[in-house]
Number of protein chains: 2
Amino acid sequence: MSDAAPRPAPEVALQRYLHAHMPISGHLGATVAEATPDRVRLVAPLGANVNHRGTAFGGSISALAILAGWSLLHLRLQAVGGSWRIVIQRNTVEYLAPAESDFEAECAAPDPGEWERFLAMVEVRGRGRVDLAARVLSNGVVAATFAGRYVAMRLP
Amino acid sequence: MSDAAPRPAPEVALQRYLHAHMPISGHLGATVAEATPDRVRLVAPLGANVNHRGTAFGGSISALAILAGWSLLHLRLQAVGGSWRIVIQRNTVEYLAPAESDFEAECAAPDPGEWERFLAMVEVRGRGRVDLAARVLSNGVVAATFAGRYVAMRLP
């Protein structure tokens, strides 16, 4: 029998991390619906993120997608092991339809080839970049697509 | 002598509008440093927008730039007159350096040719799109560049 407290579910652990270290995620009202190395889903309420038209502010949509990509890479690198620093290098967001209700940013695993290329780059240089795609859904409609390039550095 | 209350400075009016209609702008701590049809500068504190590395979160940088572009177009269309709806269609952000202190998003007027093209499009179709550029500065360093495409519709 162990005295260690039970480890929280990955969703709980990620949400605690985000709210503790990136306080704006709490103001966005971001909650973690799914947190695996293959898929991250973050949800935010319309209320905190509403704009002058009663739909979700583009800046909030963009921020939630950036967090989803960051979180996916964070979880994949936890699975790899070691200490890492992750930064975003660039992103593009296409706003396709107004988000008229609560919205969700879903980031999926990169293509296996893209991930292999990333790991090979890290092996040689101690850092690598990876392109991640996410989409933001509201009421089943794709409100936005997101493409982000992240750089991860292995720390000593 | 008029009974009308004095009109607030454009900076005060814009800040009130943003905080009232896009509540996340208040959580970002966004304040309006300059608000003219030729330049908008919005400032945000590091504290509310800090990330796990002690620098500004990319999503906050992105959101402040989106707001700066929206605000510039809002002010230019106020000068044109009439009622308008402004939406963002796409944006790209390049994160060039960490923002290690309070940061500012500065959006300048589009090229005169770009603006004429926009007004001509509105004349024909009642709506037009315009590309705006902004940069985000922190401690005199360009932390990010932003390119946004906005669409404005003239309302009846």
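A residue counts as buried here if 20 or more other C-beta atoms lie within 10 Å of its own, the C-beta atoms being placed from the backbone. By that criterion, buried residues make up 40% of the 156 residues in chain A of this model, which is a predicted one.

**Chain A**

Chain A contains 4 helices and 6 strands, and their order along the sequence is α-α-β-β-α-β-β-α-β-β. The C-alpha trace of chain A extends about 50 × 40 × 25 Å along its principal axes. Because a compact globule of 156 residues would have a radius of gyration near 15 Å, the 16 Å found for chain A agrees with that expectation.

**The interface between chains A and B**

On the side of chain B, 29 residues are in contact with 29 residues of chain A. The elements of chain B that give two or more residues to this side are α2 (24–27), α3 (58–80) and β3 (83–95), and β3(B) supplies the largest share, namely 9 residues. The residues on the side of chain B that touches chain A divide by class as follows.

| Class of residue, chain B side | Number |
|---|---|
| Nonpolar | 13 residues |
| Polar | 12 residues |

How values were computed
Residues are numbered from 1 along each chain as its sequence is written. Chains are lettered from A and ligands numbered from 1 in the order in which they are written. This is a predicted model: local features need pLDDT of at least 70, side-chain atom pairs count only at pLDDT 80 or more; totals for chains, interfaces and linings use all residues. Two residues are in contact if their C-beta atoms, placed from the backbone, lie within 7 Å. Ala, Val, Leu, Ile, Met, Phe, Trp, Tyr, Cys and Pro count as nonpolar, Asp, Glu, Lys and Arg as charged, and the others, Gly among them, as polar. The radius of gyration is taken over C-alpha atoms; the globule rule is 2.2 Å times the number of residues to the power 0.38. A residue is buried if 20 or more other C-beta atoms lie within 10 Å of its own, exposed if 12 or fewer, and partly exposed in between; C-beta atoms are placed from the backbone.
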